[in-house]
Amino acid sequence: MIKYLRYILLFVLLTAFSPKAGAQHFIGLNPTEIAALMKSAYPQFKLDRNAVNHDYKYLKYVDKISEQTALFFLSDKNTCTYVRWMSDYANLNDILGMLNSNYKKSGGNSWTYTHKGESYTVKLVEEEWYFTVTYRKN
């Protein structure tokens with residue numbers, strides 16, 4: 001039963017995280033807007049205030065159910081400049097399916113999309129114990 005619950009939550013997460021769902025795009029938002037969007041679109045994610053890195057200004061959200069972490073990197077003006085989504089390999093096939101269906105493939109593990117006339121790149125990088133998906137403005 002717990003296994004099925006995990007898949008249902010992952011499906012909800014992937015559906016909400018796609019640009020077609022309208023809730024995905026965090027770049028350009030301030031921390032208050034990010035918090036509101038995370039609360040409504042990803043209620044299973046909780047803000048993690050325990051991690052501190054003095055080299056970067058960011059918000060860290062963690063979902064322990066599907067073993068995912070979302071980092072929102074902020075500029076000096078306090079707006080999101082890019083998003084890094086880290087996940088356990090158990091979610092890789094689902095994430096790849098979502099990326100392939102919602103973005104234009106641009107080679108290897110890269111995709112592109114347009115939001116409000118601006119171009120963005122999505123890159124998936126496979127690490128040793130986890131993988132990351134990074135969203136950046138071109």
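Student: What share of the contacts in the chain with a separation of 6 or more comes from residues 24 or more positions apart?

Tutor: A contact means heavy atoms within 4.5 Å. In this chain, 46% of the contacts with a separation of 6 or more are between residues 24 or more positions apart. Please note that this is a predicted model, in which local features need pLDDT of at least 70 and side-chain atom pairs count only at pLDDT 80 or more, while totals for chains, interfaces and linings use all residues. Residues are numbered from 1 along each chain as its sequence is written, and side-chain values use heavy atoms, with hydrogens and water left out.

Student: What is the average pLDDT of the chain, and where is the pLDDT below 50?

Tutor: The pLDDT is the predictor's confidence in each residue, from 0 to 100. The chain averages 84, and 83% of the residues score at least 70. Over residues 7-23 the value is below 50, although this stretch has 40 contacts in the model beyond near neighbours in sequence. Where pLDDT is low, the predicted coordinates should not be read in detail.

Student: How many helices and strands does the chain have, and in which order do the elements run?

Tutor: Both kinds of element are DSSP runs numbered from the N terminus: helices are H or I runs of at least four residues, and strands are E runs of at least two. Three helices and eight strands are present. From the N terminus on, their order is α-α-β-β-β-β-α-β-β-β-β.

Student: In which order do the strands stand in the sheet, and which are the edge strands?

Tutor: Strands of a sheet pair through backbone hydrogen bonds, either parallel or antiparallel. Two strands are taken as paired if DSSP finds at least two bridges between them. Here the eight strands form an open sheet with antiparallel pairing, in the order β1-β2-β3-β4-β8-β7-β6-β5. The edges are β1 (46-47) and β5, each of which pairs on one side only.

Student: Over how many bridges do β2 and β3 pair?

Tutor: Strand β2 (residues 58-63) and strand β3 (residues 68-74) share six bridges in the antiparallel sense. Within this pair, tyrosine 61 has alanine 70 in β3 as its bridge partner.

Student: How many residues lie between the strands of each hairpin from β5 to β8?

Tutor: The hairpin of β5 and β6 has two residues between its strands, and glycine 108 in the turn has a positive phi of about 45 degrees. Two residues also separate β6 from β7, and there lysine 116 takes a positive phi near 50 degrees. Four residues join β7 to β8. As for the pairing, β5 (residues 104-107) and β6 (residues 110-115) have three bridges, β6 and β7 have six, and β7 and β8 have seven.

Student: Are phenylalanine 131 and tryptophan 129 buried or exposed?

Tutor: Buried means under 20% relative accessible area, exposed over 50%, and partly exposed in between (1.4 Å probe, protein chains only). Phenylalanine 131 is in strand β8 and counts as buried because its relative accessibility is 0%. Its bridge partner is glutamate 126. Tryptophan 129, in the loop between β7 and β8, counts as exposed because its value is 67%. Overall, 41% of the 138 residues count as buried.

Student: What does serine 87 touch?

Tutor: Leaving aside neighbours within four places in sequence, serine 87 is in contact with Glu67, Gln68, Tyr130 and Phe131. Serine 87 lies in strand β4 (residues 80-87) and is buried, at 2% relative accessible area. Its side chain makes a polar contact of 2.8 Å with that of asparagine 91; such a contact is a pair of N or O atoms within 3.5 Å, where within protein one must be able to donate a hydrogen and the other to accept it, and residues adjacent in sequence count only if both atoms are side-chain atoms.

Student: Which residues touch the most other members of the largest nonpolar core?

Tutor: In soluble globular proteins, nonpolar side chains tend to be buried together. A nonpolar core is a set of buried Ala, Val, Leu, Ile, Met, Phe, Trp, Tyr and Cys residues joined through side-chain atoms within 4.5 Å. The largest has 29 residues, of which Phe26, Ile34, Phe72, Leu99, Val133 and Tyr135 touch the most other members. Beyond four places in sequence, phenylalanine 72 touches residues including Phe26, Ile34 and Met38.
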